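The structure is shown first, and the account follows.

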Amino acid sequence: MAVTIKDVAREAGVSTATVSKILNNKPYISESTTKRVTEVMKRLNYHPNAQASNFKCKRTGNIIFLAVTELYTAFHNPHMFEILCGAQNIIRNKNYNLSFMGVSDKQEAYDLAIKTVGCNTADGMLVHGSATSRSLVDFLVKNNFPHIIIGRPPFASPSSWIDTNNRVSGQMAMEYLEKCGYSQIAFIGGPKSDEISRHRLQGFVSYMNINGLTIQDDFIKYGTYTKESGYLMMEELLSQPTLPDAVICENNQIAMGAVRAIEKHHLSIPGDIGLITFDDYPLSQLIDPPLTVVDIDVHEMGRQAASILLQKIKNPSLQVQSFVTLPNLIIRSSTKNLNQVP
């Protein structure tokens, strides 16, 4: 049986009115009482009933964008802010305020979600993939709180989410390289545990299998999303008896390291080795030569996420699970020109 506000009040030795005031950040409650009640709520694993609170309270006019942030987040994950800007463009036109809430880790994101729902400080929540956890998602679903998870959760859930189809991105990269005449193609990506990297690799492998192309096991490398890792993975490829004639780099940082390794071995891009990466960060155009990329319109993803969330605020029972925004190929000089392919 679910713990109620009466259970918390009885255990803490206070009235239900006092517990309610603490949940809603009302003044005139002593620090010691607040601390005691908060400890009891944690011990009993008490979660306020969001539906009841929303029924009693009026619209807040506030929507939260929840994400994990750290030093240099804007550099390592610029997509987050493009998504945020896209969402803001929709939300401000509907007379809502969008509050960006950056937290240090997923546990803090979960705690903030509980506080938001319990205190009724927002009408809905956009949850960036960096803040997503099973406990947070289960909490939002259980309380029927309007939300959109940006990025498909890596576990089965009835939550509402949107994502881009990264398998299609991997297929698109492979298809273009084959059209350019490349045949010995390698893939260097992030950790095996990373879902985005795994899905892009699956798209690459799927295209190879469907078209009867040979996949060399030693042409697939896993690392981290850094230029140092990209350099080391490329060095491993270049130390093998058979060299790849093209490499799919899972992000721009990895591509930077790959370019440095290729230049060290006095090989040319795209003549000896073609390079293609994902996501059109400004960095992809600053690398020499500028990188061909499979790009995702994450600004549009933010717009769509906000539009769906506004629908869910009107109808919290609405469930949406979908892939949005198909990738787009941007051709630059790190791959052969199709017009030059015989």
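The charged end of lysine 336 sits over the ring of tyrosine 182, 4.8 Å from the ring centre. Likewise, the charged end of arginine 260 sits over the ring of tyrosine 231, at 4.1 Å from its centre. A charge sits over a ring if NZ of Lys or CZ of Arg is within 6 Å of the ring centre and within 35 degrees of the ring normal.

The model is predicted: local features need pLDDT of at least 70, side-chain atom pairs count only at pLDDT 80 or more, and totals for chains, interfaces and linings use all residues. Residues are numbered from 1 along each chain as its sequence is written, and side-chain values use heavy atoms, with hydrogens and water left out.

A search of the whole structure finds four aromatic pairs. Rings of Phe, Tyr and Trp (its six-membered ring) pair if their centres lie within 6.5 Å; planes under 30 degrees apart count as stacked, over 60 as edge-to-face and the rest as tilted. Two of the pairs are tabulated.

| Pair | Centre to centre | Angle between planes | Class |
|---|---|---|---|
| Phenylalanine 81 and phenylalanine 100 | 6.0 Å | 40 degrees | tilted |
| Tyrosine 110 and phenylalanine 139 | 6.3 Å | 90 degrees | edge-to-face |

Phe65, Phe81 and Phe100 form one aromatic cluster. Phenylalanine 81 has 28% relative accessibility and counts as partly exposed, and phenylalanine 100, at 33%, is also partly exposed. Tyrosine 110 is buried at 13%, as is phenylalanine 139 at 2%. Buried means under 20% relative accessible area, exposed over 50%, and partly exposed in between (1.4 Å probe, protein chains only).
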